[in-house]
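This report is written to be read alongside the sequence and the model.

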Amino acid sequence: MTADRASDGLAVRCEELVHIYRTGDLDVVAVRGVDLVVEPGEKVALLGPSGSGKSTLLGMLGGLIPPSAGQVWVGDEEIGGMPERALLRMRAQRVGLVLQGAARNLLPYATPADNVRFAHRSLPKFRRREVMQPLELLDALGLGAVADTPVPCLSGGEQQRVALAVAVANGPGLILADEPTSQLDHPARDAVLDLIDVVNERFGTTVIVVTHDPEVGERLGRTVTMRYGRVGQEGRSGEQFAVVGKDGSVHLPDDILADWLPGTRVVVERDGVDLRLRRSES
Ligand code: ADP
Ligand code: MG
């Protein structure tokens, strides 16, 4: 990310991605075979109820959580089997993470300016010259007025926006944000989403946001719904479609699922290249 437009957005791709948490004798399959393609510069909402595997999937995309099976590419690199050092380098230079809860991303007693400077200083020298300078960045993101206000004196929404500024300080090609708008009122939520738009439009950054708020999904344009550790229906402003998984399973849109209860027999009819699904009467 230089002063004009620089961090070309990174593509993200997952194939059959699985994560199993092993706790004592118990295995929890949090992500069970996710296929996903995100184009460079796209904005995507990962939407789904609590426990559906959103944070685990996001953690795997950011190299924080190792896949138990499957593959995940960020840009041209398959990161699932990358050594920790290479993952650290990727997170430091190419990916911006916003963890759930703004405070976890910030030095608590410092100012926004110091927080962004800290992220900036951790870059190698040549990268530091390439990316926007800390105060310039805060100005560009509309946070110049609070640059010197200590973090505890900022509102929740301001803290989230500063966390986003910290995440883009390294000029990443991909931003991964976990519930950046939860616990915010609507004006503060919209301000965070406006900032995400600014980052995406100005720098071309690919953005993946975890949320349980369908309105956030609507705003971002593309929504990918997770349910029980799998990617289900997808939508783009107004239209909805179901995605076929590698095993042939199809997660239907929620309004259809409300009528077609588990076990419903469905007739699949071919009509040229089109398929039609209807409930079997028998
Ligand atoms: P979401 O972000 O959609 O709420 P998570 O990815 O946090 O979902 O969790 C998916 C599933 O994995 C849940 O059943 C959750 O209880 C379980 N889980 C998450 N983190 C851990 C962990 N560290 N150890 C064991 N189970 C976990
Ligand atoms: Mg979560």
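The sections below begin with the basis of the values and then turn to the fold.

## Basis of the values

This is a predicted model, in which local features need pLDDT of at least 70 and side-chain atom pairs count only at pLDDT 80 or more, while totals for chains, interfaces and linings use all residues. Residues are numbered from 1 along each chain as its sequence is written, chains are lettered from A and ligands numbered from 1 in the order in which they are written, and side-chain values use heavy atoms, with hydrogens and water left out.

## The chain as a whole

The protein chain holds nine helices and 13 strands, where helices (H or I, at least four residues) and strands (E, at least two) are DSSP runs numbered from the N terminus. Its radius of gyration is 20 Å, which agrees with the value near 19 Å that a compact globule of 282 residues would have; the radius is taken over C-alpha atoms, and the globule rule is 2.2 Å times the number of residues to the power 0.38. Along the principal axes, the C-alpha atoms fill a box of roughly 70 × 40 × 40 Å.

Of the 282 residues, 49% count as buried, that is, under 20% relative accessible area, whereas exposed means over 50% and partly exposed lies in between (1.4 Å probe, protein chains only). Among contacts (heavy atoms within 4.5 Å) with a separation of 6 or more, 65% are accounted for by residues 24 or more positions apart.

Strand E1 (residues 12–23) pairs with strand E2 (residues 26–38) in the antiparallel sense over 10 bridges, pairing being assigned if DSSP finds at least two bridges between two strands. Tyr21 stands opposite Val28 in E2, and the two strands form a hairpin with two residues between them, where Gly24 in the turn has a positive phi of about 60°.

E1 also runs antiparallel to strand E4 (residues 69–74), to which five bridges join it; here Cys14 stands opposite Val72 in E4.

## Helix H1

Helix H1 (residues 54–61) is mostly covered, with seven of its eight residues buried, including Lys54, Leu57 and Met60. Just after H1, Gly63 takes a positive phi of about 75°.

Val268 lies in strand E12. With a relative accessible area of 52%, Val268 is exposed.
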